Amino acid sequence: MNLLLLGSRRALPGVRYLSTQVSDPFAALSIQPVKRPDTAAYFTRKPKFYDLLSAISNLARQHPLPRPNAANYKRGKWVPRAELQAKLGIKISPREHELLVRRLSDVSNLRISDAGERETVELYLNQFRRGYVHAETVAKDETGATRVVEKTVGKKSNNGRRGFQDHLGRWHAFGRRKEAMAFAWVVPVDRPTTAAEDAPAEPKPADPVVAQAHVDLELDPDVPNAPEPVPEPIKDIDNVPATAHQPLGDVLVNGKPLAEYFFHGTDRDSVLFPFQVANKVGHYNVFLKVSGGGRTGQAEACQLAVARALYMSDRKAHVPVREAGLLRTDGRAVERKKTGKPKARKSYTWVKR
C-alpha cells in the first residue's frame, strides 16, 4: 500500500500510482465560491423587509425612549401595506406591517437633543409617512452654481371626509348620518354684474310731505316714533312654497331639485343651513348624491357633506361653519333590538303565573 502513495519509488509493472499534486474540485466543476453576505437578513425569507426593520430598530437603540404614557404617544399616519409592498417589491403580511408601523411610531416619539440629527431622522421617517414623496430640486446659490437639494414635499390626499378639490375644480366631500350616506359637490357660481348694477344709484327726489313729517317727528320729542312692522311668524312651515327655501344657486339631490326631493321644509332648511351660517346663500351650485336611511337622516347627511365641502373651499372665510359645529359627525343611532325584548330596552309585563 505504501508503494501506491509514494511516487518516488521504483515503478512496478501493472500498478497505477496516485499523484502527489492535489487538484481544486471547484476549478474542475467551474464553481465560484460564494461571497459572504452583507447582513444576517440574507438567510431570512424576506431580506429587504428585515434589513429595513433592523435599521429602524437601530435608531431606537441609539436614543432613549420617552416614558410610557398613552396620552403623549402618537402613532402617526404611515404608508399603507399595499404601497409598501409595491415600493419594496415583496409581499408583506398584515402582522409584519403592524410590527413595522409600531417601530416607526417608536422612532417618531424619540427624544433627540441634537437638532441636526433630529432633522435627519425626520427626513428618514418621512419616506414612510402617508401622503409624502421625496423630490429633488435644483437651486442656485450666490455664485450662480447649481446644486441639488433634497426636500420633502407634502402630497394632497383626496380625503372625502375632510373634503378636497377634484380635477374639474369642484369641492367634494362625504357625509354620514344614521344609515344614510351623502356625497356633495360644491361649485362657486359665476354671477356677472351688469352695467346697471355697477353704476351708482341715482338719488330719488324726496317727497316734500314725507320730508316735513320726518322733520316734525324729530323736532317734537313727545311724539313717539312709529314702530317698524313685524312680519308674521310662519305657523306651518310645511305649507310654505318651495321657492322660499331655494337659493339663487341650484341645489340638485339625486338629479331632482331640492324642493322635489325633500318635501318637508325642515329637511330643506337642514341642507341649506351651512350656507346660512357662512352667509353664502346663492353663491354655490350644489350637487348631492344620497342613499340609505330615511328623509331626515339623508337631509342631515347632506348637511354634513355640504358643510365639509364649503369649509374646504375657503377655510378662512368659512370659520363660522366650523365654530357652529357643522363639521362634526353625529354618531347617534337607534339602538338595536335585544333578544327576549320587544325593543332595545323595553320589556314585557312581568306575570307571576
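Author: A crossing is called left-handed if the near helix is turned anticlockwise from the far one by less than a right angle, and right-handed if the turn is clockwise. Please keep in mind as we go on that what you see here is a predicted model.

Reader: Okay, so which hand does the crossing of α10 and α11 have?

Author: The crossing of α10 and α11 is right-handed. Their axes come within 7 Å and cross at roughly 20°, and because angles under 35 degrees count as roughly parallel, α10 and α11 are described as roughly parallel to each other.

Reader: Which residues of α10 and α11 make the contact?

Author: On the α10 side they include Asp 267, Ser 270, Val 271, Phe 273 and Phe 275, and on the α11 side they include Arg 295, Ala 299, Cys 302, Val 306 and Leu 310. Sorted by class, the contact of α10 with α11 has 10 nonpolar, three polar and three charged residues.

Reader: What about α3 and α5, at what angle do they pack?

Author: Helix α3, residues 47-62, packs against helix α5, residues 94-108, at an angle of about 25°, with the axes 9 Å apart. That angle makes α3 roughly parallel to α5, and here the crossing is left-handed.

Reader: And which residues meet there, in α3 and α5?

Author: Among them are Phe 49, Leu 52, Leu 53, Ile 56 and Leu 59 in α3, which meet residues of α5 including Leu 99, Leu 100, Leu 104 and Val 107. The residues of the contact of α3 with α5 divide into 11 nonpolar, one polar and two charged.

Reader: Switching topic: which residues touch the most other members in the largest nonpolar core?

Author: That core has 31 residues, and those touching the most other members are Val 253, Leu 258, Phe 262, Val 271, Phe 275, Leu 288 and Cys 302. At least two residues of the core are supplied by each of β4, β5, β6, α9, α10, β8 and α11, and the largest share, 10 residues, comes from α11. Apart from it lies another core, of 19 residues, among them Leu 59, Val 79, Leu 100 and Leu 125.

Reader: Can we zoom in on Cys 302, and what is it in contact with?

Author: If we leave aside its neighbours within four places in sequence, Cys 302 is in contact with Ala 182, Phe 262, Val 271, Leu 288 and Val 290.

Reader: New question: which phi does Asn 254 have, positive or negative?

Author: Asn 254 has a positive phi of about 55° although it is not a glycine, and Asn 279 likewise has a positive phi of about 55° without being a glycine. For background, most residues other than glycine have a negative phi.

Reader: Where do Asn 254 and Asn 279 sit?

Author: Asn 254 is in the loop between β6 and β7, while Asn 279 is in the loop between α10 and β8.

Reader: Is Asn 279 exposed or buried?

Author: Asn 279 counts as exposed because its relative accessibility is 65%, which is over the 50% cut-off. Asn 254, with a relative accessible area of 34%, is partly exposed.

Reader: One more residue, then: where is Gln 165 found?

Author: Gln 165 is in strand β3, residues 164-165, and at a relative accessible area of 41% it is partly exposed. Leaving aside neighbours within four places in sequence, Gln 165 is in contact with Arg 170 and Trp 171.

Reader: To finish, how many helices and strands does the protein have?

Author: There are 12 helices and eight strands, and buried residues make up 25% of the 353 residues in the protein. Among contacts with a separation of 6 or more, 58% are between residues 24 or more positions apart.

Technical notes: Residues numbered from 1 in each chain as written. Predicted model: local features only at pLDDT ≥ 70, side-chain atom pairs only at ≥ 80, totals over all residues. Heavy atoms only, no water. Core = buried A, V, L, I, M, F, W, Y, C linked by side-chain atoms within 4.5 Å. Buried < 20%, exposed > 50% of the residue type's maximum accessible area, 1.4 Å probe, protein only. Helix = DSSP H or I, 4+ residues; strand = E, 2+ residues; numbered from the N terminus. Contact = heavy atoms within 4.5 Å. Axes fitted to C-alpha atoms, helices over the stretch in contact; angles between N-to-C directions. Parallel < 35°, antiparallel > 145°, perpendicular 65-115°, else oblique. Nonpolar A, V, L, I, M, F, W, Y, C, P; charged D, E, K, R; others polar.
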